[in-house]
Amino acid sequence: MEKMDKPLTKNIRPDRAFATLADYESTGGYQGLRKAVTELQPKEVQQCVKDAGLRGRGGAGFNTGLKWSLVPSDDLSQTRYLIANADEMEPGTFKDRMLLEQDPHQLIEGMIIAAYAIQANVAYIFLRGEYHLAASRLKNALKEAQSKGYLGEHVLDSSFNLEIHLHTSAGRYICGEETALINALEGKRANPRTKPPFAVVSGLWGKPTVVNNVETLCNIPHILQHGVEWYQSLGRGVDKGTKLFGASGRVKHPGLWELPMGTPIREIIEEHAGGMQDGFELRGFLPGGASTDFLLPEHLDVVMDYEAVAKAGSRMGTGAIIVLDDLTCPVQMVLNLEQFFAQESCGWCTPCREGLPWTVTLLQDIIGGHGRIEDLDTLAGLTRMLGPGNTFCALAPGAMEPLQSALKYFREDFERYIVGNNAIMETV
Amino acid sequence: MARIDIDGYSYEVRDGINLLSTCLSLGLNLPYFCWHPALGSAGACRQCAVIQYKDAEDKHGRLVMACMTPVADAMRISIAGEQAQQFRSDNIELLMTNHPHDCPVCEEGGECHLQDMTVMTGHTFRRFRGKKRTHHNQNLGPFINHEMNRCIACYRCLRFYNDYAGGDDLQVFGIHNNVYFGRFEDGALDNEFSGNLVEVCPTGVFTDKTFSAHYARKWDLQTAPSICVHCSLGCNIAPGERYGELRRVINRYNGDVNGYFLCDRGRFGYDFVNSPKRIRIPRINGQTATVETAKNHFHGLLAKAQAVIGIGSPRSSLEANFALRALVGEENFFLGLEDTEQTLLNTISNLMRDGGIHSPSLREVEQADAVLILGEDVTHSAPRLALSLRQAVRNASFDLAQTLHIQPWQDAAVRQLQGQLRSPLFIASICATRLDEVATDIYRGSPEDIARLGFAIAHCLDQAAPEPADISPSEQTLAATIADSLKQAKHPLIASGTSCSSLTVIQAAYNVAKALPSIDTLLTFAVPECNSLGLSIIGGKTLQQAFNKISNGLANSVIILENDLYRRASSQQVDLFLKTAAHLVVIDSLENKTTAQAELLLPAATFAESVGTLVNNEGRAQRYFPVYSATEPICGSWQWLTSVLEYHQWRHHDDLTAACAAAFPDLTAIVQAAPDAAYTFKGGKLPRQPHRYSGRTAIHADIKVSESGQPQDVETPFAFSMEGSIAQVPPAVLPVIWAPGWNSNQAVNKFQEQIGGHLRDGDVGIRLLEASGTLPWFTDMPAAFKPEPGLWRMLSLPHIFGSEELSSQSPSVAERLPAFCVLLNLQDATILGVDTGDLVEICSLARISMLKIPVQVELTLPPGLLVITAGRSEFPQMNTFDPVTLNKVTQEDRL
């Protein structure tokens, strides 16, 4: 019961070596799985995770147990699939990478329990292609788990069978969107699918499919092993459990920490990240990765809970904070982000496909000194045009979040380029 | 039903439909791109945004895409709301950031859905100042132009070409605003339905290359309702003419028959009308003659002839065939079909009349939930039918979608289910067919073996049906599987036809249909030509009997109506026949080996310049009308024939139609196929030319300054004029699909009862043969085919490009002819020591060399069979049941 306040990272070592199966087992690994398959019915596992209040760590924050319970259970002969979404590509986000590289068995155990809960006999890990180290360590860990009887036919001598396949992605941001991920896994173009039907009803190969984020799955062994009450005791605010929070930008110690849900942002930036580097002031920050709205220093006391961050006007997203300092131009920072999103648009729906490149052109014009004051209205119009519900998936609305908040909080920076008084600023 | 509120008005509408389709069915204007009534919803273009309100209290509402929103009772929406209008206009602005605005030089201009929708949204001023992306264009073969810069990425092309039509060589490449729709390299689009891209594409990316060669704007084209003459299905077409030249063919919607789509033969085969081989002037013994001289000669010939026989044609109208029959008398009328084909057609028309099994329209084919194809490669013999069968196999996935609460119009979601579940389709064919990829199980064999399988299936279904002897265990198992599948279906369909030239195949198809318990069993036959069935209903003697009558001296004069006899019988037979006849009159539109021997050759109008009634394979009579006036002295073949009829009681085409209807009980209804010449709308004839038609008075100004009079049309309700109205005429005489604000063919929305349903006032055509009664089991069982060493059975099978006589004369179709070769089984090829590309010599049993031809090894062809393409002039006409021998042609032999 060591390090009970940091279940996800208890095996993470400072030298970045990884936990072998023996290491993993020595800290209680695969106990949660044993409990699940020997003591609990799949429905009970679902209920346990639902009661724990675990919410999806990929950014959307949907209750994980509830998601599992949406898999139709009327026909048990029906094939179902579980997919671990390990296509971590959100700029500024590097949390799953640590879990994948340094404690692969934690994910595998989480997947086996999740697959048991939804009675899937085949599962996939959809891994970002550039995560070479994670790929080789996962491959090795899968072999280890197989040889110890955690995986394969008759998991821990039960009647439950599971095979897990590792798929390394060809590399597209949109593959993080679960239906685009499924299309990519089927060998199709990674375009998102219409919802409904949701993947839990018709997903991979048209069969019920649950897609969970890596970090989400890593929580599950601990919930099973230590129980709902323990898990709920971990949160400091409304939301339960712990979460990996990160900080990048001009802070003294950029990094990643496992902290209770509900930790104030100030604590993450000022204590864990050591505050701003000397000579730099905090101008603002993206609280949860590149596709979240800017918040200002006045929001530092907001706590990292889904609703609290939403109330402040942004999203907790992946919990990866990107810090904007006072010597970096917010317009150029936004351009950098929009170039990424414009590049990664799948090209399916009009507002995203055409609107993001236009956004980039406008920002380039502004920065290049060719901007017009009415361009700011055009940009503001685009943030509404590409807003939620207007596009086919959430990529473009996410891309508009940093832009719309930058226009709100840093309008003078935009205007300064346009009225001709270009301040020379350090580029991002 | 559901009651919904749109902009404050209340409507009663069908539920389960998407909101976009519903709005369009109500006659409301709502712009769209990616949605297509036949392709369902995609949600890609975001153009059909409307405001949806939670309830009457909700004043703000939220934007939803109408195509992705199911209609529900008490729904409140707004099309006109400011927020929605602004969004739709802004969406067009986004689409336009990369569109080249090249309308003045774009062939889509004037019938462009993108233009229509842009105007509809009110978008005019664009704020985009950046550079537009540009693309490389590809050569996609003889049918289709490619201009990718115009693309607005609606994905319709892919959804039609790949998902709907089963193509695989058109893809989307790239991402974000650099998506590219094309082939992986230049080359002809392979799918037989590629031409539909011209209409499916909402802008000018895919345009008709044959039209480009003699382009005119839609508003400068003269049009009239017409029927495709290139196969037996009778797809409705809208040909366009300008300055005496047929410029193009586009689809004319018929909710029962072709719906929104045509095959490439039907769309691009039209150019034979403009061929240099057209017969444009009468000839007497090769010398040109005036109409007067020609008619006098015709009269004189009839007067002095000892006895005259007439040979009809399956590519000529009922009326023309009937006029010939009247001229020569019933006892002297011969159908002009190859004898076996005539037997097959008679059997088919008897089955359709008295067999008691319903002959389905293509719409009904698409509703079949289990299909057996017996001996037919429909993609080549009746192409549009293959497209319908592809839709029929989807029915099981629609059923599954329903249980999963997935809306049937959620296209990608339903197709995702298709991976796991297709309605059963069984194909018994000579060798591989295009539909194999969607088939549940496939059987390959000789025509006899296919028939035997059919009989075995019938016997499995009903023990009273006769059983073929010595059926193999594997065939027995397959027959039982197929029988089981068909038995469970609500609307099982048996599709067969004449391709195998086998009577027993047709009889076996009937036995299966008869043995099926469902009262909604469907039975369809593909027949060779556009009026094969009509000709068979008129009836007449066989070609062999005609040959005999001349050789026996019982007649000495022959009138041949639109028929190249060298396609029907062996050269020796036809040569002898034509030489023996003292006088030969040929009426036809294109030169061929038969017309070359005519004493009197009369220039016939094509379908585009004449009127007539055709009966399609379903038994549906449909009328085609002249699109333009034939250049004198060309006139309809029926006119040449009636002009020499002694008692001249049939002054007009309508008289002839009425007389034909009166003469044959099966044809009584043909007068109802379309309104007669007396029909007027708002007191006038119907204009063939749009109101904006230009240049009529200027075109001949270099020859004559005064305006020449327009030709008069006394035979049909149409005028060669811009004057008059077609606002509410019945579909059978609706010359063009056009509605205010809707200049593209999508205007058909305004003419349908429900989107994608029947045309208002009923779809075109009248069914002649309604199934009644029942016929006894067919009991003649062929023995299994046993190849004999050294001998082969030669089969000529149809190909979409090249087998049909007229379309083969269109230059674009001629470019797509299949390789000149003979298909041979691998085992046979090995025995002969030949491989693909090697030459073989085909000899008769008497060792007479008939043909030297390259081999193509076909793995799916059973041993002992040879396959050549039907209807190609390179192949001699021969009796396909006579065995042949094969020799390898060595290098020395070639020299």
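Predicted model: local features only at pLDDT ≥ 70, side-chain atom pairs only at ≥ 80, totals over all residues.
Select strand E22 of chain B, residues 522–526, to start. Both of its faces are covered: Leu522(B), Thr524(B) and Ala526(B) are buried on one side, and Leu523(B) and Phe525(B) are buried on the other. Here a residue is buried if 20 or more other C-beta atoms lie within 10 Å of its own, exposed if 12 or fewer, and partly exposed in between, with C-beta atoms placed from the backbone. Five of the five residues of E22(B) are buried, so the strand is largely enclosed by the rest of the structure.

Residues are numbered from 1 along each chain as its sequence is written, and chains are lettered from A and ligands numbered from 1 in the order in which they are written.

Two strands pair if DSSP finds at least two bridges between them. Click on Ile494(B), and you'll find its bridge partner, Leu523(B), in E22(B). To follow the chain from E21(B) to E22(B), trace it through helix H18 of chain B (residues 503–515); this β-α-β crossover is right-handed. That is, with the strands pointing away from the viewer, the path from the first strand over the helix to the second runs clockwise.

**Next stop: E19 of chain B**

Select residues 425–429 of chain B, strand E19.

**A five-strand sheet in chain B**

Go to the open sheet with strand order E2-E1-E5-E3-E4 in chain B, where the pairing is mixed. Its edge strands are E2 (9–13) and E4, each pairing on one side only. From one strand to the next, the twist averages 40°. Zoom in on E3(B) (residues 49–53) and E5(B) (residues 76–78): they run antiparallel and are joined by three bridges. Ile51(B) has Ser78(B) as its bridge partner in E5(B). Helix H2(B) packs on the sheet and touches E3, E4 and E5 of chain B; its direction makes about 155° with that of E3(B). Axes are lines fitted to C-alpha atoms, for helices over the stretch in contact, and angles run from 0 to 180 degrees between N-to-C directions.

**Where the chains meet**

Show both chains: 32 residues of chain B are in contact with 31 residues of chain A. Two residues are in contact if their C-beta atoms, placed from the backbone, lie within 7 Å. On chain B, strand E4 (62–65), helix H2 (82–96) and helix H15 (411–418) each supply at least two residues. H2(B) gives the largest share, five residues. By class, this side of chain B has 17 nonpolar, 11 polar and four charged residues. Ala, Val, Leu, Ile, Met, Phe, Trp, Tyr, Cys and Pro count as nonpolar, Asp, Glu, Lys and Arg as charged, and the others, Gly among them, as polar.

**Over to chain A**

Pick helices H6(A) (residues 104–118) and H9(A) (residues 214–226), whose axes come within 7 Å and cross at roughly 75°. The two are therefore roughly perpendicular to each other (angles under 35 degrees count as roughly parallel, over 145 as roughly antiparallel, 65 to 115 as roughly perpendicular and the rest as oblique). Residues making the contact include Leu107(A) and Ile113(A) of H6(A), and Leu217(A) and Pro221(A) of H9(A). The contact divides into 10 nonpolar residues, two polar and one charged.

Finish at Met316(A), in the loop between helix H12 (306–311) and strand E8 (320–325) of chain A. Is Met316(A) buried or exposed? With 29 C-beta neighbours inside 10 Å, Met316(A) counts as buried. Leaving aside neighbours within four places in sequence, its contacts are Pro287(A), Gly288(A), Met304(A), Tyr306(A) and Val309(A).

Notes. Helix = DSSP H or I, 4+ residues; strand = E, 2+ residues; numbered from the N terminus.
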